Amino acid sequence: MRDTRPFGTLFNVYRDGYEWVNHSLNPKPVPRDLRVQFGGSECSQPYAASPLNISAMSFGALSKNAIMALNLGAKQGGFAHNTGEGGCSPYHLQAGGDLIWQIGTGYFGCRNKDGNFDAELFQKTACKTSVKMIEIKLSQGAKLGHGGILPAVKLTEEIARIRHVPMGHDVISPPAHTSFSTPKGLLEFVVQLRELSGGRPVGFKLCISNRSEFLGICKAMLETGITPDFITVDGGEGGTGAAPIELTNSVGTPLRDALIFVHSALPGIGKREQVRIIASGKAYSAFHVLRLIALGADTVNVARAMMFALGCIQSRHCDADTCPTGVATQNPAHYKALDVELKAKRVAHYHAATIENLKELLAACGLESLDQLMPWHINRRVEGTQIKNYDELYPCIERDCLLDEKHIPNDWKEDWQRASATHW
Ligand SMILES: Cc1cc2nc3c(=O)[nH]c(=O)nc-3n(C[C@H](O)[C@H](O)[C@H](O)COP(=O)(O)O)c2cc1C
Ligand code: SF4
């Protein structure tokens, strides 16, 4: 396949909003390995992750063939596949690719008859060899204040069995968790899952809304001494299999604004080194990944780009069970057409090509590793001839400044004072 293009860019490099990365007059050789270590001293089973992994998408939203192709692709390419909140199905486990098991408010795959968390069921799946990390889902950018939705038209007997839910109704996860109701409670749940999973890294996913609520989690980290191993920051521009339109369009902080906030708050409380940040939201190219890492992410998750690798043509019928490409349907007549082996190769190729391009970009910048990427490496044409770099556009606060009242920046004071470790 062609990996070069003749003639030059087709982008209009003089339009407002155009962005580019600074190269160096002293380029470096292409780096060999970009893997990022997850899991601190509390984890007996840390995980070395690729900088690019498959974001959460459930079996239910996606077909079993799509799930099998994603996981086989992850296995072939040596990267991780997030199960989504619909549970860890046999199709996630078949190929043996690395899994991040996501636990949402419905606790699918680890719930008792009342729909609450079941520690024994959790432990059974969490300790499977393929499961490398656990992600607690608090929220996702596309449908804030709303739990996951699996429309009744896509609910099969098999999915109902895997999720332990009745047939014939939309499967709607509650908007909030029942295992905890405060920032402190969330961190205690992190510890519980870490122990039950045999020392695997445990983190949580959220889309940022009220800054004081996230700062409440930061205060809880300071008060309890507990840190999650990672935080996944999902942008308000995130995708979904099904969601009310007003929630997808007008709720939640866009990714870049949220990312720089989280990447400021954690150093602000002196905890950045202990916590990895995963970013997700409309990334698909190596430059998109590089840009998010320059802004503070350690790794990037992609959902819709992986759907494209599976053959998605953006017809946007994912909630109607009529997906023409077999990616997001439970209708066998449609999903049988999705060739698992072929699409797994495409998933692995997309990942490998993006990582190769990321390495080339880094080398051109004169850098040897991802942690050398800084916000000032990225430029934006703000308007006309006015150009600013990300350091100017997204200023960070001083390290440890939230630890002492006297040093809290003025525009953080109100949110910090409002934040509480014992209520959201
Ligand atoms: C079909 C589909 C299903 C999704 N299911 C979940 C899910 O179960 N849990 C979750 O946290 N996010 C879910 N998401 C959101 C993605 O994981 C991701 O956070 C979001 O789409 C942003 O990434 P993208 O822009 O690369 O798609 C889903 C997205 C899509 C498109
Ligand atoms: S082809 Fe259409 S229905 Fe299928 S996954 Fe893509 S957008 Fe959704």
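Q: Which residues surround ligand 2, and what makes them count as its surroundings?
A: In this predicted model, ligand 2 is surrounded by Met307, Cys312, Ile313, Gln314, Ser315, Arg316, His317, Cys318, Cys323, Thr325, Val327 and Ala328. A residue counts as near a molecule if one of its heavy atoms lies within 4 Å of it.

A: A word on the ground rules: residues are numbered from 1 along each chain as its sequence is written, and chains are lettered from A and ligands numbered from 1 in the order in which they are written. Local features need pLDDT of at least 70, side-chain atom pairs count only at pLDDT 80 or more, totals for chains, interfaces and linings use all residues, and side-chain values use heavy atoms, with hydrogens and water left out.

Q: How does the shell around ligand 2 divide by class?
A: Seven of its residues are nonpolar, four polar and one charged. Here Ala, Val, Leu, Ile, Met, Phe, Trp, Tyr, Cys and Pro count as nonpolar, Asp, Glu, Lys and Arg as charged, and the others, Gly among them, as polar.

Q: And what about ligand 1: how many residues surround it, and of which classes?
A: There are 22 of them, and the closest are Ala56, Asp234, Gly239, Lys282 and Arg304. The shell splits into five nonpolar, 11 polar and six charged.

Q: How much of ligand 1 does the protein cover?
A: It covers 97% of the 610 Å² of accessible area that ligand 1 has on its own, by the Shrake-Rupley method with a 1.4 Å probe.

Q: Why is Gly8 called partly exposed?
A: Because its relative accessibility is 47%, and partly exposed lies between buried (under 20%) and exposed (over 50%), with a 1.4 Å probe and protein chains only.

Q: How do you know that β14 and β15 pair?
A: Pairing takes at least two DSSP bridges, and four join β14 (residues 378–383) to β15, running antiparallel. For one of the residues, Glu383, the bridge partner in β15 is Gln386.

How values were computed
Helix = DSSP H or I, 4+ residues; strand = E, 2+ residues; numbered from the N terminus.
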